[in-house]
Amino acid sequence: MQPDKLYTPLTYLKGVGPRRASLLGRELGIETYQDLLFHFPNRYIDKTRFYKISELERSQSDVQIIGRIVHMKTVAQKRGKRLVATFVDESGEMELVWFRGQRWFQERLKLNEPYVIFGKANWFNGKYSMPHPEMELLSKFRQQKRIKMQPVYPSTEKLGQNGITNRLISQWIQQVLEITSSCFSETMPPEVCNELQLVDKQSALQQIHFPDSQNALARALFRLKFEELLLSKKMHRKSRIKGFVFEEVGENFNSFYKQHLPFELTSAQKRVLKEIRADLGSNAQMNRLLQGDVGSGKTMVAVMTMLLALDNGYQACLVAPTEILAQQHYNSVHALLQPMGIEVGLLTGSVKARDRKPIHEGLRSGHLSILVGTHAILEEQVRFANLGLAIIDEQHRFGVAQRARMWTKNQTPPHILVMTATPIPRTLAMSLYGDLDISVIDELPPGRKPVRTVHRRDSDRLRVFGFLREQIALGRQVYVVYPLIQESEVLDYKDLMDGYESITREFPPPEYQVSIVHGKMKPQDKEIEMQRFAEGKTQIMVATTVIEVGVNVPNASVMVIESAERFGLSQLHQLRGRVGRGAEQSFCILISGSKLSEDAQTRLQTMVHTNDGFEIAETDLKLRGPGNLMGTQQSGLLTLKIADVVKDRDILKAARHYAALLLKQDPMIGREEHRMVRENMQRMDVFKNIWDHIS
């Protein structure tokens, strides 16, 4: 490849100039010839097919029809007039409508002559109509040579206002393709090109912009998507970094497993532990994502993995995103390991300076083997003697830079186990966490009953209150959760307080006690309220989503979610996971208004229909797309120019397969036959920051 030509500033392209180049840079980030070539069409106007009027569908995009105008009339409207023509073919009739230039069209259009029309057909007043269609006499249409599939490019209103039309962008791309026709060498490994019969890069770019046929377009799309995914940074980080070898399964692990395990591990937990042990003994740094629904036993797996670190002479830490969750993890880990005499430290932002000193000293000396905490663990002054394992919980809540700091805690990076209770569809996980191996705990401990979920309207509230009284009379406890959306914090707070007053009226003291927890409270007040509920001193907790993670009350059997239509599926599923933690049947009641959007209806029906977190995550992915799911804005997912991790799952699987083969054959991508792959990866920043903290 001759990169110099490709990186030519757009100002040098005929017809662009400094002003238009500046506008394209600001609006679309297009600054060079290469940027323009990689500004791909987002759809195509397919002029390979002619439709009959009877074949039209209401959700259709642009269509092309052959027919005749049999009648024209001018119709008065509030402001001015419109011209309406009756257009027929052998299958039916429709209307053509002009709101501007009526007189011009009326004088020039010919009745009963065959025309080719093209445009968007709308369903209106019981028939199809097409506003301002493109029109050409059939006789002229047949005489002209034309591109059958016309590209339509992403644009902005400002570009249109400044005369930068779709046609102009298309012309500039044609120019650049001609100028750079000799600039492209093959970038894919020869064996991959042969096996998959990939079209060459130059042909792929030509056909993506100006396809000769649907088949040529499909082959170009596959080639460019496959290449983008194969060269993705996340495909190539695996197996590059050496790690500590944990050879011993020693006294701590075996003693805990035989004498202190509070319950039999599920087969899923055993399988995951086997996968983790294989990683830890492999001479490579473990990077594993552990997924499992709330209550599936991830913490137990984490504890046993930390014991493997201790058995091999290393320290371990567990980092959580909030103080509440860190405290909960600390309580669990401390209770499990105290009988074995293993000391566990807790470090959060609210730990006072005088209490931090012994923790810091214990870590540096190696006396303190296990530390649980929040972002406070990532601070510069927190130093370990020999950190061998870092476990990060609900890691999507941590920024990329924060996670990277964990690597600096030791000269050789510690093994990393990332845990999440937010199910991620496997397709998305493969791309979002392509550099991680994935383990799934896909079964709940024995004796757990699935939570029953129902959807109720505001008008059913008195019935819901009656049900809550019955549950409280049985000795159970109840959560009532209100939305918390940052943009409308004042409104949310008002909703919460109104709800609290309503609950206390229906459930008055001294017969009932009600807790309240929200983001505006001081941490210590929040902790007191949560503690009262955990100890059973209050029967109802009214809260915002602050209780989404971090509250474990097995006796709480009912979760009421107010304004449920305002929550995303992931949040609804997380909130439901707060109940169903004891042996009794638990319930989740989704309360919504009477008017629901189609998406809101789908979300609530999905919650009623299934408790499977992965099925819920798949639905969420379809509704919201990958960019809005799981904080993926910081994942690098959105930098894909042409591939779509949801729609292109088969291409993604193929790219992962060939990336793994490539790394197995040539771990450093150093062979001469892979030179173009290496150069392209370097150009795409694939190698950047991989070994930043490794000497």
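**First stop: a helix across a sheet**

Select helix α20 (residues 523–534), which lies across β18 (477–481), β19, β20 (540–543) and β21 and runs at about 145 degrees to β19. Helices (H or I, at least four residues) and strands (E, at least two) are DSSP runs, numbered from the N terminus; contact means heavy atoms within 4.5 Å; and axes are lines fitted to C-alpha atoms, for helices over the stretch in contact, with angles from 0 to 180 degrees between N-to-C directions. This is a predicted model, in which local features need pLDDT of at least 70 and side-chain atom pairs count only at pLDDT 80 or more, while totals for chains, interfaces and linings use all residues. Residues are numbered from 1 along each chain as its sequence is written, and side-chain values use heavy atoms, with hydrogens and water left out.

Next, select helix α21 (residues 569–576), which packs on the sheet, where it touches β17, β18, β21 and β22, and whose direction makes about 155 degrees with that of β21.

Now show the strands themselves: 6 of them form an open sheet with parallel pairing, in the order β17-β22-β21-β18-β20-β19, where two strands pair if DSSP finds at least two bridges between them. At the edges stand β17 (452–457) and β19 (514–517), each with a single partner strand, so one side of each has no neighbour in the sheet. On average, and with direction ignored, neighbouring strands of this sheet are turned by 20 degrees against each other. For a closer look, select β21 (residues 556–561) together with β22 (residues 587–592), a pair that runs in the parallel sense over 4 bridges, and find M559, whose bridge partner in β22 is C588.

**Second stop: L468**

Select L468 in helix α18 (residues 461–473). Is L468 buried or exposed? L468 is buried, because its relative accessible area is 1%, and buried here means under 20% relative accessible area, exposed over 50% and partly exposed in between (1.4 Å probe, protein chains only). If residues up to four places away in sequence are not counted, L468 touches V478, F507, V558 and V560. A C-alpha to C-alpha line from L468 to M559 spans 9.9 Å, although the two are 91 residues apart in sequence.

Move to H415 in strand β15 (residues 415–420), a residue that is buried, with a relative accessible area of 0%.

Rings of Phe, Tyr and Trp (its six-membered ring) pair if their centres lie within 6.5 Å, and planes under 30 degrees apart count as stacked, over 60 as edge-to-face and the rest as tilted. By this rule the count comes to 14 aromatic pairs. Select F244 with Y314: the ring centres are 4.6 Å apart and the planes are at 35 degrees, so the pair is tilted. F244 lies in the loop between α10 (214–230) and α11 (251–260), and Y314 in the loop between α13 and β11 (315–319), so the pair ties together parts that are 70 residues apart in sequence.

**Last stop: the largest nonpolar core**

Finally, select F256, V303, M304, M306, L337, I370 and I391, the residues with the most contacts inside the largest nonpolar core, which has 40 residues. A nonpolar core is a set of buried Ala, Val, Leu, Ile, Met, Phe, Trp, Tyr and Cys residues joined through side-chain atoms within 4.5 Å. Helix α13 (residues 298–311) gives the largest share of this core, 10 residues. A second, separate core of 34 residues includes A21, L36, L37 and L224.
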